[in-house]
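Take a look at the structure below. This report goes through a few of its features in turn.

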Amino acid sequence: MRLRWTIALAFIALAMLQVVVVVPLALRNLSRLLAAQQEARVDQMMIAVEAESARLREDVRAAMDELGQSQALEDVARDAAKVPAPPHVTTAAATLMRPRNLDVLALLDEEGRTLSSGHLPARLGEPDDPLFAVTRLAPKQVVPREVELSSSSGLVQAPAIVTARAVDWGDRRVWAVGGVLLDEARATSLSKLTGARVEVHSGGRMITSSGELPKAPIRRSIDVGTIAEIRLFFSGADLIATRTEVLRAFIVLAGLGFLLAIVAGFIISRRVTRPVEALTEAARQIAQGTPGVQVSGVPASGELKTLITTFNRMTDDLKSATDRLVASERIAAWQEVARRLAHEIKNPLTPIRMSLETLLAASQRGPVDERFMGIFKESAHAVLEEVDRLKRIVDEFSQFARLPRPSLAPLNLSEAVQQVMSLYSPHDGLRYVAELEPGLMVMGDRDQLTQVLVNLVKNAEEAMGSTGGAVTVKTLGAGAQIVLEVADSGPGIPPDLKDRIFEPYVTSKPQGTGLGLAIAMRIAQEHDGRMEVGNVPPPQTGAVFRLVLPRMSGR
Amino acid sequence: MKWLCLVLTPSLAFAGGRARAGGMLEAAAVVKSAHGDPLLADTPLEATLLQLTKLPPCKLGELSRPAPRTVRLVLKTATKASEVVTTLLRVRDTPSPYRVLLAPLKSATATSPITVEMELDGLAPDFEQVLCHPSLAVTPSFFASTAERLVANADPALPRPWLDGITIRATDARTADRLIAQRKAQVLLGADSGDGPLLYATYLIADPKLGPAFAQALEATIDRPGLTRFFVRPPARPLSTLVPPSSDPLGKKLGEVSWAAPSKPTALATPIELTLLYDTAVDEHRAVAERLQVKLGPLGYRLKLEALQRRQLRERLTGTFDLLLTGVLMPPQPAPALAIALSLAKENGRLSDLDGLSDSARTEAVVERASKPVPNLFPLFVQGLGVSASREVQHLSRDAYGLPRLDDVFLAPE
């Protein structure tokens with residue numbers, strides 16, 4: 001992965017890490033804070049509910065106190081024993097109940113029979129045991145009781161808070177038991193006070209409710225004795241709404257941060273990696289052999305600037321050193337070439353000089369005679385031979401020096417070798433054997449590869465000399481490589497020459513120039529290949545040369 | 001508060017040789033609502049109000065029997081004979097408790113614009129009286145109505161010799177008392193006292209499947225006198241026979257009948273739930289329904305209450321139900337009254353053999369049958385219309401149904 005992408009992804013990962021780690025933590029803490037505030041608000045509401053409950057009990061107590069001392073109730077006590085009961089007695093409860101905001105009022109005789117009932121007039125004359133039981137409690141005590149009411153679904157038990165007052169007339173006592181129902185009106189009142197949904201449950205069922213059930217309700221309850229439970233459901237919607245808003249803001253900010261991180265990551269990574277990439281490209285060019293590559297025009301600062309400066313200085317130094325080295329190598333090479341060339345030229349000069357001196361001495365000994373002519377012919381023949389040799393040396397040197405760059409094209413190597421080998425025929429004890437694997441394709445210059453083959457065959461012929469033998473030429477595929485192998489049955493390569501055999505002017509033959517194998521090596525290198533040399537395994541003798549080329553891809 | 005104003009144009013007629021006094025009669029009526037359909041407006045007060053604009057056939061002309069089984073009505077008002085025929089046939093063909101009143105009617109024909117000939121299946125000696133039942137009221141064509149005002153055109157045949165008009169204010173009892181006390185009203189319809197006949201009978205009808213156990217539980221706990229005294233608006237009295245006692249000697253015997261209350265049964269082992277239907281327009285029925293809840297609950301009968309409009313209640317009457325509380329305006333004659341009662345119990349066939357009897361034997365048989373209980377019909381109480389009037393209101397009388405004849409009164413100058 002490129003450095004630029006690595007740095008950009010690192011920025012993105014950091015941004016995501018922030019979102020993944022920071023946002024949940026912040027939300028959790030915020031939720032705790034909001035929940036605590038909500039709980040505090042609900043607790044305040046519940047205090048208000050308790051106060052309202054106390055006020056309701058106090059209202060009942062006050063209303064019944066006033067009723068207990070009223071003349072109307074005294075009149076009821078006075079006439080309660082009349083038979084039949086006068087209307088003002090039988091309807092008294094309903095009459096007395098309403099102005100005192102009571103929902104429940106029963107006037108009972110000393111035996112608990114109903115003289116009048118405001119909440120259930122139909123109970124007239126019937127006992128009302130649950131309400132009569134209130135008369136046996138402590139005076140003025142407001143207690144929860146279930147009272148019986150008529151409804152469309154039949155007689156039902158409804159929770160109420162009631163208290164009892166007694167009125168005496170002579171030796172007669174009339175009980176007034178009254179209070180208020182925990183009904184829809186109370187639920188509505190509490191709902192308005194608190195803003196919560198209020199449900200009154202009694203006997204395992206909900207008897208009334210007020211308000212809509214809020215989202216995410218927070219539930220509280222108040223027990224009304226053992227007869228009822230008032231459940232309040234406060235809204236947690238504020239908490240959810242706040243959390244949602246904060247979450248939304250977090251997401252937006254995180255998203256923006258994320259985008260900024262991506263953009264910043266790309267900008268910064270580009271800024272950081274441009275010098276590095278320029279340095280990498282420069283290093284690659286240097287590695288490919290381009291000396292003195294400089295990194296310039298790239299904005300950089302700090303260590304990168306220092307690195308670029310150092311790199312440029314280093315490439316300068318390297319170029320200078322390389323130039324010096326090349327110059328010195330070139331001089332050394334020319335010296336070697338001059339030495340070799342001088343050596344090679346010097347060798348024929350000695351026979352030429354000796355021939356000419358012999359000829360001169362013969363001419364000074366007397367007139368031209370038959371002996372002189374014999375010497376003359378022999379000397380002239382030797383001089384010509386050496387001159388030819390000099391000419392060959394110069395031609396090969398020229399060929400080595402002027403070797404052009406190969407013109408690469410798809411080439412069937414086996415076919416090319418076959419065509420060359422068809423020109424050779426046995427002679428002077430020499431045999432030519434071709435073992436060719438068909439269809440071996442390379443990218444190569446046909447003429448140059450032909451020259452390599454000719455050089456190697458010639459080298460083999462010269463190695464075997466007059467003793468004769470077999471020149472074996474093979475082509476074979478070896479994975480991604482193709483091998484052209486030329487083997488002879490000569491004496492083989494002396495070990496001391498093996499490492500230098502491809503250097504110019506290195507030869508084991510008296511008549512060799514030492515440039516044939518050097519030319520072959522150079523052509524091999526120009527084809528991205530190489531030359532190898534070895535000897536035939538004993539007991540046989542002979543040398544083996546291999547031209548190894550890359551197989552043409554796509555086959 | 002609704003005002004119902006009737007303006008009666010002056011009549012040229014004279015009554016008792018005295019000149020018309022004129023004036024507007026102000027009446028307060030303790031009524032929740034008024035029905036326009038005579039078949040539904042059957043409480044005494046509703047019938048009274050209805051008869052200010054609609055009259056039964058017997059008040060529209062003269063009735064006669066040209067043949068034993070033919071009754072002829074010769075109209076003496078502007079009412080058309082065809083309107084009478086239409087009304088009679090409508091009542092006869094509409095399911096209602098009053099349908100049986102016209103059971104003897106074989107056919108009704110308008111033989112002339114003012115003559116209606118009615119052919120009877122039998123002798124039906126009470127038929128002429130039955131034609132006075134308010135449920136048979138016809139809307140005379142001489143009434144015209146505007147949005148909130150009914151106007152009676154001059155009709156010399158109508159016995160309205162004195163008043164210029166009658167104004168009715170529908171209100172509650174307390175307001176009505178105040179209006180009387182403040183002399184803003186001269187007549188109170190729906191007062192707590194009155195001396196008229198009590199013919200508006202209330203029955204509890206039970207599903208026959210409930211059987212004698214329910215009848216025993218109800219009769220043992222109902223305490224009709226207590227129920228009537230404490231939960232029913234007076235004038236009222238308990239009703240322990242199938243029809244209210246009438247003023248004739250035989251009918252009076254019914255007032256002496258008293259059904260012995262059975263012993264109180266033990267409570268049902270498994271309580272059963274019953275639905276009691278009642279008329280939402282009648283306050284007493286709600287109170288009685290609650291009383292029944294209280295009384296029957298301990299015996300294992302849990303009553304659910306379902307309040308219905310009267311039209312719905314009458315429709316349910318023809319179908320099945322657990323318990324149904326309804327009131328009907330009985331004719332003063334025992335036989336047609338018993339026919340209505342038996343129709344409520346779906347026992348219409350019990351009177352089919354009476355037609356051949358003489359009047360006295362027929363009445364005696366009716367009284368005897370009305371004295372015996374029917375298993376699923378429980379008469380509870382009977383009510384009348386309490387009417388009180390200020391001193392200036394003169395000649396306030398009642399008809400056979402105990403309904404005040406407001407048309408007849410005149411206002412004495414103070």
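## Where the chains meet

In this predicted model, 15 residues of chain A are in contact with 13 residues of chain B. Together the two chains bury about 1,100 Å². Carbon and sulfur atoms give 59% of that area.

Polar links also cross between the chains. Chain A and chain B share 5 residue pairs in polar contact, with both residues at pLDDT 80 or more. The count of salt bridges between them is 1. A:Glu126 and B:Lys295 form a salt bridge, and their closest N and O atoms are 2.5 Å apart. On the side of chain A that touches chain B, the elements giving two or more residues are strand S3 (143-151) and strand S4 (154-169).

## A nonpolar patch on chain A

Chain A carries a nonpolar surface patch of about 630 Å². Its members are A:Leu14, A:Met16, A:Leu17, A:Val20, A:Val21, A:Val22 and A:Leu25.

Consider A:Leu25, one of these residues. It sits in helix H1, which spans residues 3-68 of chain A. A:Leu25 counts as partly exposed because its relative accessibility is 40%, a value between the 20% and 50% cut-offs.

## Cis peptide bonds

Which peptide bond of chain A is described here as cis? The bond from A:Pro538 to A:Pro539 is, with omega near 10 degrees. A:Pro539 lies in a loop of chain A, between strand S15 (530-535) and strand S16 (543-550).

Chain B has a cis peptide bond between B:Pro234 and B:Pro235. Here omega is about -5 degrees. B:Pro235 belongs to the loop that runs between helix H6 (224-231) and strand S12 (236-238) of chain B.

A:Lys140 is not a glycine, yet its phi is positive, at about 65 degrees. The residue is in the loop between helix H5 (129-132) and strand S3 of chain A. Strand S3 also gives residues to the side of chain A that touches chain B. Is A:Lys140 buried, partly exposed or exposed? Its relative accessibility is 43%, so A:Lys140 counts as partly exposed.

In chain B, B:Lys346 has a positive phi near 55 degrees, and this residue is other than glycine too. B:Lys346 is placed in the loop between helix H10 (334-344) and helix H11 (359-370) of chain B. With a relative accessibility of 47%, B:Lys346 counts as partly exposed.

Definitions and conventions: Residues are numbered from 1 along each chain as its sequence is written. Chains are lettered from A and ligands numbered from 1 in the order in which they are written. This is a predicted model: local features need pLDDT of at least 70, side-chain atom pairs count only at pLDDT 80 or more; totals for chains, interfaces and linings use all residues. Side-chain values use heavy atoms; hydrogens and water are left out. Patches are made of residues with over 30% relative accessible area and no salt bridge: like charges are joined within 9 Å, nonpolar side chains (Val, Leu, Ile, Met, Phe, Trp, Tyr) within 5 Å. Accessible areas come from the Shrake-Rupley method with a 1.4 Å probe; for residues, only the protein chains shown count as cover. A salt bridge is a side-chain nitrogen of Lys or Arg within 4 Å of a carboxyl oxygen of Asp or Glu. Helices (H or I, at least four residues) and strands (E, at least two) are DSSP runs, numbered from the N terminus. Buried means under 20% relative accessible area, exposed over 50%, partly exposed in between (1.4 Å probe, protein chains only). Contact means heavy atoms within 4.5 Å. Buried area is the accessible area (1.4 Å probe) that two parts lose on being put together, summed over both. A polar contact is a pair of N or O atoms within 3.5 Å; within protein, one must be able to donate a hydrogen and the other to accept it, and residues adjacent in sequence count only if both atoms are side-chain atoms.
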